[in-house]
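Hi,

Here is the model I promised to pass on.

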Amino acid sequence: MTLSSAGLERYIDAASPVHALDARVKLLLTCATVLALGLLPPGAWVGVLAIAALIWWAVLQARVGLGTILRRAFVALPFALAAVTLVFTKPGAPLFELPLGGLRLTATDAGLVAFASVVVKSWLSVQAALLLTATTHFTDLLHALRALRLPAVLVAILAFAYRYLFVMVDEAQRMLRARECRSAELPGRPGGRNLGWRAAVVGQMVGTLFLRSYERSERIYVAMLSRGFSGELRALRSRPLSTTEQGLLLVLGALLAAIALLANVL
Amino acid sequence: MLELDASPAPAVAPPPPGAAVAPPILELRNLCYSYPDGTVALRGLTLQLAPGEKLALVGPNGAGKSTLLLHLNGVLRSPNGAVLIDGVPIDDATVRRVRARVGMVFQDPDDQLFSPSVFDDVAFGPLHMGVDEAEVRARVARALDQVGMAGFERRMPHHISLGQRKRVAIATVLSMDPELLALDEPSAGLDPRARRSLVGLLRTLPQAMVVSTHDMRMAAEVFPRIVVLYEGQIAYDGPTAPFLADEAQLEHYGLERP
Amino acid sequence: MGFESLAQYLLLGLHIPDGFLSVPVAALWWLLTIALLAVAVRRVGTLNEHQVPMMGVMAAFIFAAQMLNFPVLGGTSGHLLGGALVALLLGPWAGTLVMACVVALQALLFQDGGLLALGANIFNMGIATAFVGTWVGTALLRMFGGKPWGLVGAGFVAAWISVMVAALLTSLQLVLSGLSAAVVFPSMLAVHLFIGIGEGLITAAALAFVVSTRPDLVTSLTSYLSPKAVRRPVNRGALAAITGVGLAIAVVLALLSPLASSSPDGLERVAEDQGFLERTQDAAYNLLPDYTIPGIDGPISTILAGVVGLLIVFGLAYGIALLIRGRSATSSADSTPRASPGGRTGA
């Protein structure tokens with residue numbers, strides 16, 4: 001995973017009804033969508049299409065660019081290679097053969113359906129998750145998690161981690177750049193010594209980063225104490241959901257449940 | 001009025017007639033660079049630096065000084081324009097060799113130092129190049145001696161002062177025996193004593209240098225040639241003394257008086 | 001595409017995206033993860049104010065440290081997962097919380113790993129690596145802490161094994177969800193055998209650095225290194241067990257895979273010339289809505305298989321750690337209890 005500090009931010013700013021929606025609703029609906037997709041049996045294309053339509057309708061409502069979301073969703077695709085085996089291992093009517101080394105692989109119809117299902121469901125799930133990230137500030141997401149009963153300690157750790165993520169990533173990238181600048185080669189001699197040495201250097205870089213992080217966290221703690229932190233993590237009480245939001249949650253939730261149920265029963 | 005001085009005044013005496021002309025250690029040919037987000041940082045920079053020549057790079061923040069420096073050892077590479085080190089253009093094939101000849105020192109020494117001891121940091125460069133261990137030790141000793149940090153081998157970079165870290169950072173590239181040094185704001189954050197010793201160090205080092213700085217006094221003391229970068233272009237390239245005497249120009253480019 | 005790039009894709013992260021795990025498998029691992037995280041939260045001390053910023057920053061550190069890589073071969077590079085390292089530095093429960101945070105951030109912010117699959121991902125990369133790393137690491141440190149190479153040796157082995165266990169768990173979850181065991185296990189294990197070496201080297205070097213620079217931060221580790229520590233004598237049998245544990249787990253799980261995958265005689269199939277691929281199956285093995293164990297119907301079968309697999313993995317790892325401690329204790333002439341004065345230095 002290569003990230004530049006600029007590329008870390010996945011939030012897309014826009015004024016849309018989706019952006020304005022309470023983070024709890026968005027989080028719960030995203031999870032419901034992914035769950036519904038997971039519950040669809042392989043080959044339930046009507047159900048897949050129905051859920052896709054819901055997701056894409058929401059993306060359009062959010063004004064974050066359907067193309068952007070579709071493009072970013074291809075991040076899950078490389079993992080799809082692992083699912084390719086399904087094409088050749090699911091029992092079913094044989095479709096075509098593929099010679100591979102000493103083996104002759106036979107693709108089956110059920111195998112192709114299973115593979116296609118996994119890939120499409122995965123791709124759609126990522127889109128739902130991307131929509132959540134694109135329309136919700138991480139801090140709002142944390143408030144939502146807290147309101148949904150995630151322990152305060154965990155929420156606090158996530159908050160600090162998020163706060164210092166970019167700082168630490170920057171530092172790691174600067175270390176990498178410094179090493180790159182001194183990774184030279186003389187003509188006629190391959191550089192880099194040996195694997196063990198290179199790994200050891202990285203280990204030392206990791207150790208250095210650890211110490212800097214630890215000492216930074218001590219300074220943070222002192223700063224917190226100076227600002228009156230007494231050991232209790234407080235947050236504003238979250239407002240109750242409006243009737244529209246509750247309605248939306250219920251309607252869309254019921255819709256997703258119905259799709260999943262019907263796909264399995266029919 | 002903005003006058004672009006296109007012809008750099010010679011800072012080094014021209015070679016005697018009949019002698020072979022050595023290629024400049026550094027040459028920029030119409031170098032342009034834009035950031036990934038589209039902002040144009042460098043607009044067609046052209047200059048030449050002779051072996052052993054020292055120049056100060058000045059200009060307001062955001063003018064492109066650090067960006068320019070990062071081109072000198074191939075960290076940044078632009079499809080528009082060329083950077084040549086000793087006559088060799090920097091590209092994927094040559095960049096590793098280039099890094100043996102161009103030593104980059106960043107503004108924040110913590111960005112430079114990533115090893116557990118001073119010795120390890122200074123030794124990293126030559127070790128990576130495949131220099132044998134006895135020679136590495138000799139180089140480390142020489143480099144630390146040059147920067148006045150002999151005896152600090154076992155110390156942790158973490159636990160020494162900023163001025164000392166800056167000097168160790170310079171040593172980490174000196175041990176690679178470079179021909180050109182690129183330094184980004186070396187005197188920033190130093191107390192007067194550390195600053196004095198840095199100035200003395202820069203004067204004694206024989207390498208060619210491109211040093212970005214806000215410290216006009218240091219520019220006057222160490223660098224016979226000054227290049228002013230303003231809004232991505234070279235606004236002045238010539239002798240330091242006359243430029244620093246011209247207050248109107250200094251103010252125009254947002255520079256301090258020495 | 002070449003093997004190296006395939007390996008890069010397949011699991012340079014062990015993060016399983018959504019769509020690959022069946023709902024019962026994902027749900028099972030969510031339950032386990034929630035339970036263990038709840039214990040971790042209670043152990044670390046609710047709202048212990050000093051720990052909170054520290055663990056948050058540590059999570060950011062691990063996230064960033066995973067970017068520090070070194071070139072291995074051609075285009076591939078080795079890098080760190082960090083579970084064993086952070087557990088050895090901070091203790092297994094704090095390490096678990098830190099890694100859970102890292103994995104959660106990766107899923108929530110960057111869609112690296114799915115939401116439904118998050119429970120499994122946290123378990124594999126956060127909980128399993130932290131605990132296996134701690135068990136193996138401390139067991140080895142007890143034996144070899146006094147030796148000059150003791151710390152790096154223990155760190156290397158602990159980290160390597162933790163990566164193997166994470167890879168095995170991931171494979172198990174994928175296979176239980178219907179992917180072919182004959183492909184997933186060998187490829188995952190082979191790739192992580194090497195990735196684990198990188199993890200081991202980096203972990204060992206990082207530990208050595210931290211212990212030599214700020215031993216005050218890692219007194220739990222340094223206590224094993226002090227000459228006054230209660231030392232376990234070397235037990236060759238136990239050592240052989242530890243070095244073989246990765247392979248042992250692999251063999252057992254590969255044997256288990258016929259029960260879990262829809263091709264019940266997976267190993268035999270691979271041995272054949274003509275695939276595991278041409279088949280005529282009777283109705284009992286046909287696809288049912290959820291991936292299942294042939295012979296047993298419904299999600300219960302998958303859950304059962306999951307539980308069995310888990311018990312075997314952890315039973316083996318923990319059992320071997322106990323074995324080493326147990327065997328060493330009985331053969332040790334010096335079995336002073338840990339709490340006795342003068343028996344240990346450090347906090």
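**What I found**

Before anything else, keep in mind that this is a predicted model. Helix 5 (residues 162-174) of chain B lies across strand 6 and strand 7 of chain B, and its direction makes an angle of about 160 degrees with strand 6 of chain B.

**The sheet in chain B**

Those two strands belong to an open sheet of six strands in chain B, ordered 6-7-8-3-9-10, with mixed pairing. At the edges you will find strand 6 (102-105) and strand 10 (233-239) of chain B, each with a pairing on one side only. On average, neighbouring strands of this sheet are turned by 15 degrees against each other, if direction is ignored.

Strand 7 is the one I would look at in detail. Strand 6 of chain B pairs with strand 7 (residues 180-184) of chain B in the parallel sense, over four bridges. Gly103(B) has Leu181(B) of strand 7 as its bridge partner, and Val105(B) stands opposite Leu183(B) of that strand. Strand 7 of chain B also runs parallel to strand 8 (residues 208-212) of chain B, and five bridges join the two. Here Leu183(B) turns up again, standing opposite Val211(B) in strand 8 of chain B.

How many residues of strand 7 of chain B are buried? Five of its five residues are, so to speak, under cover. In a regular strand, side chains alternate between the two faces of the sheet. For strand 7 of chain B, both faces are covered: Leu180(B), Ala182(B) and Asp184(B) are buried on one side, and Leu181(B) and Leu183(B) are buried on the other.

From helix 3 of chain B the contact takes Val118(B), Asp121(B), Val122(B), Phe124(B) and Gly125(B), and from helix 5 of chain B it takes Val168(B), Ala171(B), Thr172(B) and Val173(B). By class, the residues of this helix pair are six nonpolar, two polar and one charged.

Both helices come back where chain B meets chain A. That contact takes 23 residues from chain B and 23 residues from chain A. On the chain B side, the elements giving two or more residues are helix 2 (95-101), helix 3 (118-129) and helix 5 of chain B. Helix 3 of chain B gives the most, with five residues. The chain B side has eleven nonpolar, eight polar and four charged residues.

**A histidine in helix 1**

One more spot in chain B: His71(B) sits in helix 1 (residues 65-71) of chain B. Is His71(B) buried or exposed? It counts as buried, because it has 23 C-beta neighbours inside 10 Å, and the cut-off for that is 20 or more. Leaving out residues up to four places away in sequence, His71(B) touches Leu31(B), Tyr33(B), Leu76(B), Ser78(B) and Val83(B). Pro51(B), 20 residues away along the chain, has its C-alpha atom 18 Å from that of His71(B).

**Chain C**

Chain C has twelve helices and two strands, which follow the pattern α-α-α-β-β-α-α-α-α-α-α-α-α-α along the sequence. Of the 347 residues in chain C, 57% are buried. Among contacts in chain C between residues at least 6 apart in sequence, 76% join residues at least 24 apart.

Chain C also meets chain A, with 78 residues of chain C in contact with 89 residues of chain A. Several elements of chain C each supply at least two residues to its side, including helix 1 (3-11), helix 2 (23-44), helix 5 (92-110) and helix 8 (181-213). The largest share, 13 residues, comes from helix 3 of chain C. By class, this side of chain C has 53 nonpolar, 18 polar and seven charged residues.

Cheers

How values were computed:
Residues numbered from 1 in each chain as written. Chains lettered and ligands numbered in written order. Predicted model: local features only at pLDDT ≥ 70, side-chain atom pairs only at ≥ 80, totals over all residues. Pairing = 2+ DSSP bridges. Axes fitted to C-alpha atoms, helices over the stretch in contact; angles between N-to-C directions. Contact = placed C-beta atoms within 7 Å. Nonpolar A, V, L, I, M, F, W, Y, C, P; charged D, E, K, R; others polar. Buried ≥ 20, exposed ≤ 12 C-beta atoms within 10 Å, placed from the backbone.
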